[in-house]
Amino acid sequence: MNTLLDLILHFLLPHESLFRILPEVVLTLTGVTIMLIDASLPIGFPRRLLGFLAAIGATLAIWASLLQLSLPAGSSFFGTVETSPFTVFFHVLICGIVLVALLLSLDTLPEDSHHQGEFYALVVFGAVGMCLLTGAVELLVVFIALEISSISTYVLAGYRKQTGRGPEAAIKYFLLGSFATGFLLYGIALIFGATGTTQIYEIAHLAPSAQNHAFVVAALALMLVGILFKVSAAPFHVWTPDVYEGAPSPVVALLSTAPKAAAFALLLRVVYEMFPSLHALWSPLLWVVAVLSMTVGNLAALRQQNVKRMLAYSSIAHAGYLLAAFAGLGTSGIAAASFYTAAYAAMNVGIFAVITLVSGYEEKLPLIDDYRGLLYRAPLLGGLLIFFLVSLVGIPFTGGFFGKFYSFSAAVDGGAIALAIIGLFNSGLAAAYYLRLVLVAAQRHPDQNAESAVPAPQVGVAVGAALLLAVAATLVLGIVPGEVLRAAQSGAHTLQAPPADDAVPAMTVMPQPAP
Amino acid sequence: MDAINQSILTLILLVPLAGALLVAVLPDRAKLPNWIALLTTLASFVLTLHLPIHFVLGQSGFQYEINRPWIESPVISYHVGVDGLSLWLVVLTGLLGPVGIIASWSAIAERRKVFYSLFLVQQTAMVGVFISLDLMLYYGFWELSLVPMAILIAMYGRKDGPKAALKFFLFTFIPSAPLLVAILWLYARTGSFDFATLQILIAHGNLPAAAMCWVAFAFLFAFAVKVPVFPLHGWLADTFSEAPVALAMVVAGKLGLYSMLRFHVGLFPVQARAAAPYLIALAVIGILYGACLALVQRDFWRLMAFAALSHLSLITLAIYGLTFTGWTGAIYQILNHGTVDAALFLLLGALEVRYGTSQINAYGGLAAKLPRAATFFVIATLAMIGLPMLNGFVGEFLILSSTFTGVSRSWTIAATLGVILGAAYMLWLVQRLFYGAESKLIASRPADDLHFREWVVLAPLTVLMLVMGLAPSIWTNSIQTGIHPPDLKGSAALPPSVLQISIHGEVQR
């Protein structure tokens, strides 16, 4: 095994630029292969195997990202794509989410659904965009990556096109998403106007001394609007419930986690790496957005009857908890935010997996009341539902707890005690609606016959593996978070490295002091 | 023996958890889950007995300590240990395990796997709260203890379980939000979650006084809801009337009262002294209010709920009297309350299983039909109202006499009035349930006195009440080694090693 690894490294190391985008290359090749095979297969032929191919591609991409750790942190392709522990952290996270979502779709997409091959290809292409987004250090590449990931998610959101809700979700998502991307693009244009470059490190270098300070501020604001839309933070959250309700559940599992992880990576890069000089400006802004998101999300979730809408609002609230970490000082804030992204992804993918199985692809059981007696009808799924909800509440020894813990302790460290208090009261508020679902699932159905009338969902091998991965991740993050936190911290260090110090030794030979 | 001493607390913590897994994995056939749960709780009870047997009397500080790093950053360690304060509470938790299982033996008929595995998780969480010496670890167990309780109340509630469960959960979960912020703030300022280190840093560090007031208040508030202290008792009656018997025994009191002593008075002596007058007033109001409401209840679970409010307020009074004797009495009274309530709940649960109602006026004249149940009930009642020779007397005496001499005479007189009312509502309950004319309900059912398994639990509990009443020194000697009232603690008493830790901690900041 080791010799194989050496062999691969031996082959890759000379082609450093290629090595630096290896996960993206692997995913792109997988996607293209799937498209080609799909086109050449006869019409009635089952496409399920393509899903396995996609899952293998995602696994290889995780492996490729981990291989990148042997590279020194740095960028290639004329300083447009970076590889560092930070990007590896998010690459592994995103590919992991994609893998679980693929396993989930394998068993739950109906066998006779159209365009199954395209579905898998789109998921993989979306992953390419998200991975590239976390690694890009040049704003035009950022924009392109965001578009790659967005366009495939727009299509995926409307995948159930025979229902009325599917296309509605897709069109809403597309229209609002395009507006948001437009804002981001305006921001890029303005910052290019102010500094004459689109390279993030150079902008960070030039922005404080830019003559047109108003341009820089406007650019920051516009870019924040674009990114906060993608993470569905209030007040840019209106699309979330409709899209989550209309999109098929396996897609929502992906949609509510992977693009958000990528967008949060971008947000971290923009505020901490590109505009550290404007800290005084974006920090209060994000404070307000964090408070708004959690409060609006939780208050709205309290009143929902539809499980997916409730979870959509809960994901808005979680975006708020995550933004609380941005009140933290430098490294601790970045590490907390990265960790929270991972914890949130683990439990959210898990709960959407359970929901996919319970309400089915066609969603015959969308309401909270339909979950009554789930624990009796399907003990395994009921237990898992309760487990993931408990993690979302943030009970200790689950990932959700440490996510909140690090996020709010970063906030307290940074002096934002009010934010932490508001956040924790919010998580108490959130417990009310999560618990409502738990209690409904644990309650006996008044009509015993109605209980047996609904067939218990079957848990296939692929879905079983997906659930196992999600449970394992949630537990590991809750009981032994040390390893993941260390990865997040080393990522945070690379992001924090001041660009000026990086650049100086490369250009001029500094006199080394004698030891 | 050293090897056992160094791992006993971990074992006590893990045995119920292992039992829970076993129950969850094995099939629900015959009485298999019941037996596994019973054997597990018996095993962990035997393990807890190891603690007092090998406890070194007179040695201050924590014993059976285990301190291993768990998470590097922030520094959270698996730091557990017991002292006189927590020693007997761990044993009490161990004792209530098998009692709870027996109480649910036939009352819980369906989804037994869920019930017993969650019950065992609950045991772990409670032991964890008592032995944790790291604030984060403590907080973890504190929160964890809510989940099994809420789910079980929802699943096995008598009438409207989910509503009571939600109320219970939110009442206790929301106040723990400021608690967590307070813990995080302390960490941000001192760089430590360790109890002993924090104790010293707070006593000697120059933390801002105004902020410390808020921090101490956040701690106090979370604990006061959990106890509950007078105006915060909204969840208590619903929870008592809905919770399965085995959980009602453990839901109130112990965790909150212990936490007050250890983490509020123990960490913030100055702030606790400032808050004491208010808490004493609230406690006395709670004693009288609870007793008065208990007098007028028609449902015996609700009556027990308000009786608990009254008794727990008495213990709160003792804690905030801030006297050495009072604290001894407080811990002793927690133990009494645990054993006596366990016996009473077991009996009331048995009545409810047999007659299917908790309305007091449906009963009457039971003593002739169930003489053994009546005997045990009367003994437990007498213990509860403080008859000399039984355990309740010792606890109440210690508390009231210390309040009389150490705090205030008028408050003591008011509190004693509550004790008298306590005798009134309990004896009246006995009279309405067991004596008088035989009611229609009782006449319509065949006599079905205590089963062997109920008898096996009640007899030792009754003996325990008697022994605790006659020879309290077995318990009080070890309890007193753990008590350091604030006025006895000075900088001279600090062991140098601990100071070094604290200085090191400051340097790290």
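User: Is the crossing of α15(B) and α20(B) left-handed or right-handed?

Analyst: This is a predicted model. In chain B, the axes of helix α15 (residues 300-320) and helix α20 (residues 409-434) come within 11 Å and cross at roughly 155°. Angles over 145 degrees count as roughly antiparallel, so α15(B) is roughly antiparallel to α20(B). The handedness of this crossing is left-handed.

User: How many nonpolar, polar and charged residues are in the contact of α15(B) with α20(B)?

Analyst: α15(B) contributes F300(B), L303(B), A307(B), S310(B), L314(B) and L317(B). From α20(B) come A415(B), G418(B), G422(B), Y425(B) and L429(B). By class that contact has 8 nonpolar, 3 polar and no charged residues.

User: Are α4(A) and α6(A) roughly parallel or roughly antiparallel to each other?

Analyst: Helix α4 (residues 48-67) of chain A packs against helix α6 (residues 116-135) of chain A with axes 9 Å apart and an angle of about 10°. L50(A), G51(A), A54(A), G57(A) and A58(A) in α4(A) meet residues of α6(A) that include Y120(A) and V123(A). Angles under 35 degrees count as roughly parallel, and therefore α4(A) and α6(A) are roughly parallel.

User: Which element gives the most to the side of chain A that touches chain B?

Analyst: The contact takes 26 residues from chain A and 28 residues from chain B. On the side of chain A, the elements giving two or more residues are α18, α19, α20 and α23 of chain A. By class this side has 20 nonpolar, 5 polar and 1 charged residues. With 13 residues, the element that gives the most is α20(A).

Notes
Residues are numbered from 1 along each chain as its sequence is written. Chains are lettered from A and ligands numbered from 1 in the order in which they are written. This is a predicted model: local features need pLDDT of at least 70, side-chain atom pairs count only at pLDDT 80 or more; totals for chains, interfaces and linings use all residues. Axes are lines fitted to C-alpha atoms, for helices over the stretch in contact, and angles run from 0 to 180 degrees between N-to-C directions. Helices (H or I, at least four residues) and strands (E, at least two) are DSSP runs, numbered from the N terminus. Angles under 35 degrees count as roughly parallel, over 145 as roughly antiparallel, 65 to 115 as roughly perpendicular and the rest as oblique. A crossing is left-handed if the near helix is turned anticlockwise from the far one by less than a right angle, and right-handed if clockwise. Two residues are in contact if their C-beta atoms, placed from the backbone, lie within 7 Å. Ala, Val, Leu, Ile, Met, Phe, Trp, Tyr, Cys and Pro count as nonpolar, Asp, Glu, Lys and Arg as charged, and the others, Gly among them, as polar.
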